[in-house]
Protein chains: 2
Amino acid sequence: MRVIITGGGGFLGKALATRLLQRGHLSADGTDERIDRITLIDVVPPDGLDDSRIAQLTGDISDQRLLERAVDAQTTSVFHLAAVVSGQAEADFDLGMRVNLDGTRALLEVCRAAGHRPRFVFASSVAVYGGHLPPVVLDDTPLTPQTSYGTQKAIDELLVADYSRRGFVDGRSLRLPTVTVRPGRPNAAASSFASGIIREPVNGEESICPVDRATRMWVISPASAVGGFIHAHDLPGERLGSNRSISLPGLSVTVGEMVDALERVAGADAVARIRWQKDARITTLVDTWPGTLDASRGRSLGFPQDDNFEAIVRAYVESREKGR
Amino acid sequence: MRVIITGGGGFLGKALATRLLQRGHLSADGTDERIDRITLIDVVPPDGLDDSRIAQLTGDISDQRLLERAVDAQTTSVFHLAAVVSGQAEADFDLGMRVNLDGTRALLEVCRAAGHRPRFVFASSVAVYGGHLPPVVLDDTPLTPQTSYGTQKAIDELLVADYSRRGFVDGRSLRLPTVTVRPGRPNAAASSFASGIIREPVNGEESICPVDRATRMWVISPASAVGGFIHAHDLPGERLGSNRSISLPGLSVTVGEMVDALERVAGADAVARIRWQKDARITTLVDTWPGTLDASRGRSLGFPQDDNFEAIVRAYVESREKGR
C-alpha cells in the first residue's frame, strides 16, 4: 500500500503515520496488505519520524503540482488531514477558502486523475453543524454551519460524496469531535483551550479558559481519532452505501466535568492553574458547535470510543511521562 | 436600482427581466426604488428585449473579468440563474463544476469586492435533496444530493449562506421545483420532459415521456418562479434570519395527473401525441428528487403558489396564443 497523509507534519498526521508504521498494513476490500510507503505532505516537514518507509513533501496542499508529484497510479490510500483551523479560517476568509476548499478539491482531482479510485479518508468536523440545533444532534441533522471553517468542511463532504458516487475516489468523511489532549502549544483553533486547560496545568503552567464551566463539548482522544481514521480506511465501501459522512463516537462533557477529571488525576494544584477569563469571540464560535451527538451509526460501524474523560487525561499524563 | 441577471438569455432570465421592466421598481430595506438598469449576462445574447434600461454582456459566468465589468459599486441586486442543467452536469462533470460551482463563487467574489453587500438571489433546486428521503421532504431535510448538479447547487447554498453571514452579500437561495411549462425546445435537463409532454402535444407535435405515469414531481409555473425571485429579493433580511435557503411552494403531481390535466385542457388528441418510452438514465436522475415538499416556510414568507396543474397548462396555452 502507498499512503499519503496531508497535514502529515501536524500532531494528528504524525500520530497517524506513527501508528501506521507500527501496524505495518492496511486493508482494501477485505485483504490486509503491507504498507510500503507513507508520504507526508505539509507546509512544515515533520521531525522524529525516522523510517525508510517515510517520504516527505513540503508545500501547500492547494498547490496542484505538488499534489501531482505525490499522488500517482500506485497510491492506494489518502488521509486528508491538512486544514486551516477554525479560528484562523474565521479571521482570514481567503486563506480558509484556499486551503480548506481549493486544497481538498485539488487533492480529489489528482486522485481522480490517477484513475484507480483510491481510498480517501477526509477529516471533517462537528463544526459542519450549527445554528438552531436539537438537544442531541443526529447523523442526519441538517448542516447549517455558522463558521467559515464549518462551511468549508461541509462543502468538502459534499465533494467527497459526489466524487465517490461517480467512482473517482472511494471516500469517507469523518466528523471529528474536538481532539483533546493535544500535546505542544496552543494554536489558532477556537477549541485550542480544550487541550490547554488540561495540558498546561499538568505541565505546571497557567492556562486561560475562555468559556464557561457549563459549556458542553463533544470530545475525542488523539488515540481514538487516529484509530477512527484507520478503521474508516479499512471499512468495506458497501457498509457505507451512499452516505459517506460518519460522526466519530465522542464523549459529551462540560468544561466543568473536564476540569473535575483533571483534579482527580492531577490534583487541586493543577486546577488552580486555570484562569477563567471569558472571551466573547471564542465563546460565540464554540457555542455554534453541538455538545452532544448521537453517534450510533459510527458505533455500529465499529469505530473506537473513549471510556470517559478521566481516562483521556490519564492517557495524556502517561504519554507525557513516556516522552521524557 | 441596478440589476444583474445571469442566465439572462435563458427563458427564465428573460421572463424575469421582462417582469422587472414592467414593474419598474424593486425594494431594498422596505422602500421601493426605480430600476435604472438591468444587465443580462449569458453565453448567448437574448433577443426581443428592446428597452433602454437593458444592457447585455456576452460570456461565461466563470470568467472573473467579465463579472468584474458587470458588477460595480452601483450594483444593488444580482439574480443568479445561470447554470449547466442537471443532465449536462451529470454527463460533463468538469463543465458542471466550472459553471455551477466556480461561476457562482466568482460572482459572489465580485459582489464581495464591490463592498456594499448587494442583494443576491440564487436559483437553487430541489435536486439538492436525494438519497433516502422521507415521504414529505421538509425544509430542513438534510441535503444528500445524488447528482453532480444537486451537489453543486448544495455547495452554492452553503457559500451563499456563509457570504451572507459574513456580510459580503445579502443572499437568498431559492430551491426551485421543476419549472413547467417552458416554451421553446427540449434541453439537456433531466426534467425537460415535464415541459415537453405538455408543450409538444399542445403544439401538435409528438413528445416522448421517459418516466412512468406514477412518477411524482414537484413543479411550479414560470410565472410563480419569476414572482418568487422578485419576492425573495424584496423580503427584508431579518425575516430570513441565518437560514438563507427557502423551498419555493410548488405543486406535487404525478406525471399521470399532468397528462390528465392536459387532456382536460387540450383534449384526447393532444394526449395521444405522447409516446411512453422509458429511459433508465433519466428515470434514475428524476427518482432522486423529492416529489412532495413541505413548503410552509415559503408560504408563510408570502411566496406565490400555483392553484393546480390545470391552471398551469391553461396559462401556457394562453401565452402561446398571445405570442402568435
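1. Let's start with Arg117(A), which is partly exposed in this predicted model. Arg117(A) sits in the loop between helix H4 (93-114) and strand E7 (119-125) of chain A.

2. What does Arg117(A) touch, once its neighbours within four places in sequence are left aside? The contacts are with Gly167(A), Phe168(A), Val169(A) and Asp170(A).

3. Now over to Leu158(A), in helix H5 (residues 148-165) of chain A. Is this residue buried or exposed? Leu158(A) has 24 other C-beta atoms within 10 Å, so it counts as buried, the cut-off being 20 or more.

4. Leaving aside neighbours within four places in sequence, the contacts of Leu158(A) are with residues of chain B, namely Thr151(B), Ala154(B) and Ile155(B). In its own chain, Arg244(A) is 86 residues away along the sequence, and the two C-alpha atoms are separated by 9.1 Å.

5. That brings us to the contact between the chains, where 17 residues of chain B meet 17 residues of chain A. Which element of chain B gives the largest share of its side? Helix H5 (residues 148-165) of chain B does, with 7 residues. Sorted by class, the side of chain B that touches chain A holds 6 nonpolar, 7 polar and 4 charged residues.

6. Chain B has an open sheet of 7 strands, paired in parallel and ordered E5-E4-E1-E6-E7-E8-E12. Strand E5 (54-58) and strand E12 (245-247) of chain B each have a single partner strand, so they form the edges and one side of each has no neighbour in the sheet. From one strand to the next, the twist averages 20°.

7. Within that sheet, strand E7 (residues 119-125) and strand E8 (residues 170-176) of chain B pair in the parallel sense over 7 bridges. If you want a place to look, Ser124(B) stands opposite Arg175(B) in E8(B).

8. Helix H7 (residues 222-234) of chain B packs on it, touching E6, E7, E8 and E12 of chain B, and its direction makes about 160° with that of E8(B). Helix H4 (residues 93-114) of chain B lies across strand E1 (2-6), strand E6 (77-80) and E7 of chain B, and runs at about 180° to E6(B).

Conventions
Residues are numbered from 1 along each chain as its sequence is written. Chains are lettered from A and ligands numbered from 1 in the order in which they are written. This is a predicted model: local features need pLDDT of at least 70, side-chain atom pairs count only at pLDDT 80 or more; totals for chains, interfaces and linings use all residues. Helices (H or I, at least four residues) and strands (E, at least two) are DSSP runs, numbered from the N terminus. A residue is buried if 20 or more other C-beta atoms lie within 10 Å of its own, exposed if 12 or fewer, and partly exposed in between; C-beta atoms are placed from the backbone. Two residues are in contact if their C-beta atoms, placed from the backbone, lie within 7 Å. Two strands pair if DSSP finds at least two bridges between them. Axes are lines fitted to C-alpha atoms, for helices over the stretch in contact, and angles run from 0 to 180 degrees between N-to-C directions. Ala, Val, Leu, Ile, Met, Phe, Trp, Tyr, Cys and Pro count as nonpolar, Asp, Glu, Lys and Arg as charged, and the others, Gly among them, as polar.
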